[in-house]
Amino acid sequence: MNKLTFDRKMLVIPYVFFLVCFVILPLLVIVYYGFTDGSGHLSFENFLAFFTNPKTMGTLVYSLVIAVTVTLICLAIAYPVAYILAKGEYAKHHFFLMIFVLPMWINFTLRITALKEILTVIEWNLALHPFANTIVGMVYDFLPFMIMPLFNAFTKLDSSMIEAGRDLGANSLQTLTKVILPLSVPGIISAVTMVFLPAMTNYVVLDMMYNSTYIMGSLIGSYFSSFDWNNGSVISAILLMFIGLCTILTNYAVQSKAERSRA
Amino acid sequence: MRKYVEHAVIWLALAFLYLPILILVFYSFTDSTMIGSVRGFSLQNYVTLFTEPELLQMMLGTFTLAIGVAVISTLLGTMGAIGAFHAKKTTRTVVEFLNEVPIVNADVVTGFSVCILMIVLFHMDKDTYIPLVVAQTALCAPFVYLSVTPRLKMMDGALYEAALDLGCTPTQALFKVILPQIMPGITSGFMTAITLSLDDYFITTYTKPATFDTISTYVVNATRGSQTSIKTALWALSTVIFVIVIGIVVGMNMNSVKQEEE
């Protein structure tokens, strides 16, 4: 055995080194900063402060309200669109899927600028409806990202299942609720994960729509500008826990779904 | 009836996605400073876009950064994917977990955490661009990994062994056998990395040098300001990017149609 010969396995080393140093380590440092005070002493104060301060809790609630609203509206639009693109009138035209996902490749700040100009003409003063405009802005921004995973789920869905349901006497509504919806759950889950978290953190859309209420992302932004690393880390750590929890839950949901369908 | 509903849904959704962009494209060719007030045809916005040093510098900076980050991400991600694919199962599981972290994580948290580690803790100078490139690579490389891995799974493993048996060194076999076969995955990973870098706002904000701007950070600042000539020049920039993206997408579409025909 010549130990010095090149082996394909070794190619993984630089990548793992990079991920550990610049993805995992930073997150550990965040947790460290979140649980210490300015002088480096262990402290839960910042954490407790977040959960007891009505202002920051209000921010958390506002983020969740925005994220849920945006996700539901995106689903309500993307679900039928993806279904029609995969199974309906447009199924043979691959071109239409292309134009639905094309906006993903245009810089989002430029797209929001375009939307903002139009909304200004319609509403005259954007500052009058900050919540509604934020919702419209985020739906506009995130919609293309939701169509792709749903489209993939629908193309995998066996059309004969739908036909079988119809032959067995299901009406359109029953076919939707008893056949199509249950079979598309994994697609819905991955579509939701594409939108929910960005909607909680993408504060640029809020800023551009003159919405002065904070979401979780805005808190990090404002602590960053005031060089408050400890409090910024607290928010990041809370988001991180939230993301971890969601990932575990969605993995569990997809897995148990797969197991059930195998059984 | 059903057919008409389907047409209506598709075209309404398309109108929502494209009307703002198309209206902006139209107004970028006028001398209006506001949407709604039609004045004459003018190319002034395009002249400003390509002559104003601040704008030129910003565009050049954005694209240089995107290409640099994409090259590094593609190298790292591809190496990681090949290595992990041939490593033990436990190693692969660990790499896949690590790879998933930046993908599910919020960009705000990714950017802020790299800022804390490199700039706050290790006092690295932002002006070296190292924190910026590293942070963007941390976001982009995992997507390259994800686009290369399926290609490796599709590849016939016997080809590499055959190359070795026929006298190739492992390095030659890597470059002459493996790489050509996974090239489509590498290319699409590279493209994804470029678009992620171009679209990024949060990671850039937390790690960039104070005087450096990408399109995203520049646009956000410009919309806060009141310089109308810059504002309308950005309409021209949107038009240019829109046309480029359409060109690439149509080109890719025609290419895949041609391949299907062959």
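## Helix α1 of chain B

The expected span of a helix is 1.5 Å times one less than its number of residues. In this predicted model, helix α1 of chain B covers residues 2-28, and because its 27 residues should therefore span 39 Å, the separation of 39 Å between its end C-alpha atoms agrees with the expectation.

Which residues of α1(B) are buried? They are Ile10(B), Leu17(B), Pro20(B), Ile21(B), Leu24(B), Tyr27(B) and Ser28(B). An α-helix has 3.6 residues a turn, so residues three or four places apart point the same way.

## Chain B as a whole

Chain B is built from 11 helices and 0 strands, and its pattern, read along the sequence, is α-α-α-α-α-α-α-α-α-α-α. Taken along the principal axes, the box filled by its C-alpha atoms is roughly 75 × 60 × 35 Å.

Of the 262 residues in chain B, 40% are buried. When contacts between residues at least 6 apart in sequence are considered in this chain, 72% of them join residues at least 24 apart.

## Where the two chains meet

The contact between the chains draws 64 residues from chain B and 66 residues from chain A. On the side of chain B that touches chain A, at least two residues each come from α1, α3 (53-86), α4 (89-104), α5 (107-121), α6 (130-154), α8 (170-199), α10 (215-224) and α11 (228-261). Sorted by class, the side of chain B that touches chain A holds 46 nonpolar, 15 polar and 3 charged residues.

One residue on the chain A side of the picture is Leu19(A), which lies in helix α1 (residues 12-34) of chain A. Is Leu19(A) buried or exposed? Leu19(A) is buried, because 24 other C-beta atoms lie within 10 Å, and a count of 20 or more is what the term requires. Leaving aside neighbours within four places in sequence, Leu19(A) is in contact with Ile24(A) and, in chain B, with Leu98(B) and Asn99(B).

## The nonpolar core

The largest nonpolar core contains 137 residues, and those with the most contacts inside it are Val70(A), Ala78(A), Ala82(A), Met146(A) and Leu150(A). Not counting residues up to four places away in sequence, Met146(A) touches Cys74(A), Leu75(A), Ala78(A), Ala191(A), Met194(A) and Val195(A).

Definitions and conventions. Residues numbered from 1 in each chain as written. Chains lettered and ligands numbered in written order. Predicted model: local features only at pLDDT ≥ 70, side-chain atom pairs only at ≥ 80, totals over all residues. Helix = DSSP H or I, 4+ residues; strand = E, 2+ residues; numbered from the N terminus. Buried ≥ 20, exposed ≤ 12 C-beta atoms within 10 Å, placed from the backbone. Contact = placed C-beta atoms within 7 Å. Nonpolar A, V, L, I, M, F, W, Y, C, P; charged D, E, K, R; others polar. Core = buried A, V, L, I, M, F, W, Y, C linked by C-beta atoms within 7 Å.
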